[in-house]
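Subject: Structure for your files

Hello,

Here is the structure I promised, followed by notes on what came out of it. Please look it over when you have time.

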Amino acid sequence: MEKTINRRDFIKTTTATTAGVATLATGITLTTFVNANENPVTNEKRWGMLIDTNRLTETDIDGMVSACQNEHGWGSDKLSTGDQKASWIKKLKVKDTATGRISNLALMCQHCEEPPCVDVCPTNASMKREDGIVLVDKHLCIGCRYCMMACPYEARSFVHEELTDQKEHMPRGKGTVESCTMCVHKVDKGEQPACVASVNSDAVIFGDLYDSSSKINQTLKKVQSTQIRADLNLNTAVRYSGI
Amino acid sequence: MNRWIILFFSLIMTGAFAHGQKTHSLGDEAHSIRDSGKTYHESISVIRKMHPEFLNHKRDKTLREGVRTEEYSLKGCVTCHATKKDNSNDYHSVNSEGQFCSTCHKKVATSMDCFSCHRTTPAQGAK
């Protein structure tokens, strides 16, 4: 027996199904937006930092270095010597040879838009997140250290010894390359990187470079700032003023 | 006939006791969840078989895309499945002999590399 369906019945069933799907879909949408960390990061943001070298004192820089060490647990490697020691952020003195003026810099991974470390990595371990943070995926890192050679800022280090008791949020291990993560675990929670939080003044500003209402965006519009090795056209996310 | 029934039951009981003894390394937090009658994992057989895939998938989501949910995070595994040392506030490493990870991994002869980088105990201040 063939079942025939008339126009009225067809409309009834279709409406009921549509209403059902709509109710379900609303539920799904609601839960998706509850927690921002459930969604992948996008390129609508680009995290960056502005360091004012005129206001940043040497003590501030030492504070930044130790804040980074405490946050990530590097700097107490027992067996590594000299160049082998981890150094995610370092104090640097630069001297203008013409005038003799000395400035102090805090130098870390500059989180380039065109990172040379990512270009040379044979395993895709060196990577840039959508929001501009450059990281090492240690699951894929084979420890070849090409990225350390490619980086013009010498921002990366290699772990030479077995480690235990790492920080819960910062896995570190022998045979992999590591560098400043811009405290990605804190940034994802809406917090500031540890080094930025350790400076009491506005000498270091962290924020979204693309957001025209953010402090870093507005300051960059006003003050003269520079990228280190701007000639390389890497478009760094860490900018300096006063040098 | 009776002899067969006795043999059959003793085999079943041995199996049950053997299973019961294995769970001593389940971990403090996981034990209390189980004792309270709740379940954390949807299905024990699925998590037993599929946890490498879940962890591999989650690590890429977290590291590369910034998705920091609790489900299938290695940090979460360690927090629940670590056991405290006797008369101490310190934990046994979750991959050390007789502890949660190593019990099965040893039996099936896999040597995983998770814990040459990842922390093997819950962080200080964690539950």
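Beyond its neighbours within four places in sequence, Ile51(A) is in contact with Leu56(A), Ala106(A), Ala203(A), Val204(A), Val238(A) and Tyr240(A); contact here requires C-beta atoms, placed from the backbone, within 7 Å. Ile51(A) belongs to the largest nonpolar core, which has 50 residues, and it is one of those that touch the most other members, together with Met49(A), Met64(A), Ile89(A), Ala106(A), Met108(A) and Val204(A). Such a core is a set of buried Ala, Val, Leu, Ile, Met, Phe, Trp, Tyr and Cys residues joined through C-beta atoms within 7 Å. Buried means 20 or more other C-beta atoms within 10 Å of the residue's own, exposed means 12 or fewer, and partly exposed lies in between, with C-beta atoms placed from the backbone. A second, separate core has 9 residues, including Ala30(B), Ala82(B), Phe100(B) and Cys101(B).

This is a predicted model, in which local features need pLDDT of at least 70, side-chain atom pairs count only at pLDDT 80 or more, and totals for chains, interfaces and linings use all residues. Residues are numbered from 1 along each chain as its sequence is written, while chains are lettered from A and ligands numbered from 1 in the order in which they are written.

Sheet in chain A

Tyr240(A), in strand 9 of chain A, is also the bridge partner of Ile51(A). Strand 1 (residues 47-52) and strand 9 of chain A run parallel and are joined by 4 bridges; two strands pair if DSSP finds at least two bridges between them. They belong to an open sheet of 3 strands with mixed pairing and the order 8-1-9 in chain A. Strand 8 (204-208) and strand 9 (238-241) of chain A are the edge strands, each pairing on one side only. Helices (H or I, at least four residues) and strands (E, at least two) are DSSP runs, numbered from the N terminus.

Chain B

Chain B has 5 helices and 0 strands, and 21% of its 127 residues are buried. In helix 4 (residues 74-81) of chain B the buried residues are Cys77(B), Val78(B), Thr79(B) and Cys80(B), and they pack against helix 2 (28-35) of chain B.

The interface involves 14 residues of chain B in contact with 19 residues of chain A. On the chain B side, helix 3 (residues 44-65) gives the most, with 4 residues. That side divides into 4 nonpolar, 4 polar and 6 charged residues, where Ala, Val, Leu, Ile, Met, Phe, Trp, Tyr, Cys and Pro count as nonpolar, Asp, Glu, Lys and Arg as charged, and the others, Gly among them, as polar.

Confidence

The predictor gives the complex an ipTM of 0.79 and a pTM of 0.80. Mean pLDDT (the predictor's confidence in each residue, from 0 to 100) is 84 for chain B, with 81% of its residues at 70 or more. Over residues 17-22 of chain B pLDDT stays under 50, and the model has 1 contact beyond four places in sequence for them.

Backbone points to check

Most residues other than glycine have a negative phi. Phi of His111(A) is near 45°; His111(A) lies in the loop between strand 3 and helix 3 (116-120) of chain A and is buried, with 27 other C-beta atoms within 10 Å. Ala109(B) has a positive phi of about 55°. Ala109(B) sits in the segment after helix 5 (100-107) of chain B and counts as exposed, with 6 C-beta neighbours inside 10 Å.

Regards

Methods:
Contact = placed C-beta atoms within 7 Å.
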